[in-house]
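I opened my notebook beside a structure that was new to me. Here is what I looked up, in the order I did it.

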Amino acid sequence: MERDKSVRHAASVPYTKRNLCPYAVYLMNLLPLFIIILVIAFLTGSDSLFYLAYVLGGIGLLTFVWMQQALLGVQSRRRFSARAFHGEEVAVELDVTNQGRWPLLWLRVHESVPLSLHVPNFEHRIVSLAPGEKTTLHYQLNCQRRGYYHLGPLKLETGDLLQLTANREAVFDAEPFIVYPRVVPLRQLGLPSQLPFGNLPSRQRIFEDPSRFFGVRDYVPGDSLRQINWKSSARIRQLQVKRFQPAIALHTVILLDLNDEAYSLRGRAVGGEMGIIVAASIAAHLIERRQQVGLALLGRDQVTEYTGLQVISPAHGREHLMRMLEALARAEMTTTASLASVLPQANAGLGWGSTAVVISPGESPHLVDSLLQMRRQGFHVMFIATDPQTPFCRLQGKLEQIGIPAYWVTYEREMDVWR
């Protein structure tokens, strides 16, 4: 995962409406005074007034040219870790450099920051910069809430001391920043042995494919004599058995329901976030055990604004875990189709004997029937309810009758029984 990311901005300067007509401001502020002094100088023949008129004209022209070029050479650069885990503190350094030929007598630097990460929701400073000089803003992000955020936009503003021309402004784009959901370390899930997660060790791999040889292992009682590798056994003087890859791999898919209509009004905020924490914790636990895990997320993606079922195919490795955590960080509750209607689509790529961990607020229409259908299709199913207002005992009784274990996790302290 990329921990350090520096972004340099050197784009053209976008001006606001106040900057669209600097000539008008210049004429209104300085030109009337210049004309009055010039007329009096002609009438009186005073060399001093002529000199004053020339000075005022020169100052006005110099100020106008100066302000036209003021921000064209200004560059900004943010240095920060683009991704963070829940509870971390991230340091951000914002460099503003004057690469132009003209000094900036005053420069107002205003950086917008998400209120969930920083209080107040901005960083502000007024500085003066000579050509080639740099100023740096330092601030901390307190990552106590998962989500997809933006640092910025950065707004720069400058002007002349006499206010002869309109202030000049430049706005630089914001940069994305991701806070992963909280991951609770789970040492064991405490599930019944008939609900294996992924390719757990066993004496015999189900549906072994003889054409997919990938090594040998020590002989154990019960192994077929036909599978003994005699050359390897003779070389190390110990019986060795051929190992084959399974024709069907046992994967785990985590199905997370963020359909707000399935939650109670009082349980939406707690239940939805708890579901994301549970999904992230199970995914991290299984990836640590080198299992292949997938994610089916029913909700809204904050970045792409896609609403519906998002499926990440089962895989293993830390990079795949970061992909799932990023999807969970960007997830939002919204109104979607029911979980029961999308379960067949979520399990379409799973093989017989795979495990489906269903995380939902509680009972919803046709949900129990859909879970029963999954059981009949050969899937191992586990159900986790996260809505504190759901009638869990009744739902648990229905699921246990069809052989599906159910858990009720509404607050993080209840996950201690899994550790």
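**Entry 1: the length of helix 6.** I started with helix 6, residues 318–329, in what is a predicted model.

Entry 2: I noted the buried ones: His 320, Leu 321, Met 322, Met 324, Leu 325, Glu 326, Ala 327, Leu 328 and Ala 329.

**Entry 3: the largest core.** In the largest nonpolar core, which has 37 residues, Leu 328 and Ile 384 touch the most other members. Two or more residues each come from strand 14 (252–257), helix 5 (268–288), strand 15 (293–301), helix 6, strand 18 (355–360) and strand 19 (380–385). Helix 5 gives the largest share, 11 residues. Apart from this core I found another, of 25 residues, with Val 253, Ala 356, Ala 385 and Ile 404 among them.

**Entry 4: what Leu 328 touches.** I set aside the neighbours within four places in sequence and listed the remaining contacts of Leu 328. They are Arg 146, Pro 181, Leu 256, Ile 276, Ala 279, Ala 280, Leu 295 and Leu 297.

Entry 5: I moved on to an open sheet of four strands, in the order 6-5-9-10 and with antiparallel pairing. Strand 6 (122–129) and strand 10 (168–172) are its edges, each pairing on one side only. Ignoring direction, neighbouring strands here are turned by 15 degrees against each other on average. Which residue of strand 9 is the bridge partner of Leu 107? I found Thr 158 there.

**Entry 6: the whole chain.** Last, I stepped back. I counted nine helices and 20 strands in the chain. Of its 419 residues, 47% count as buried. Taking contacts between residues at least 6 apart in sequence, I saw that 73% join residues at least 24 apart. The chain exposes about 21800 Å², and carbon and sulfur atoms supply 54% of that area.

Technical notes: Residues are numbered from 1 along each chain as its sequence is written. This is a predicted model: local features need pLDDT of at least 70, side-chain atom pairs count only at pLDDT 80 or more; totals for chains, interfaces and linings use all residues. Side-chain values use heavy atoms; hydrogens and water are left out. The expected span of a helix is 1.5 Å times one less than its number of residues. Buried means under 20% relative accessible area, exposed over 50%, partly exposed in between (1.4 Å probe, protein chains only). Two strands pair if DSSP finds at least two bridges between them. Axes are lines fitted to C-alpha atoms, for helices over the stretch in contact, and angles run from 0 to 180 degrees between N-to-C directions. A nonpolar core is a set of buried Ala, Val, Leu, Ile, Met, Phe, Trp, Tyr and Cys residues joined through side-chain atoms within 4.5 Å. Contact means heavy atoms within 4.5 Å. Accessible areas come from the Shrake-Rupley method with a 1.4 Å probe; for residues, only the protein chains shown count as cover.
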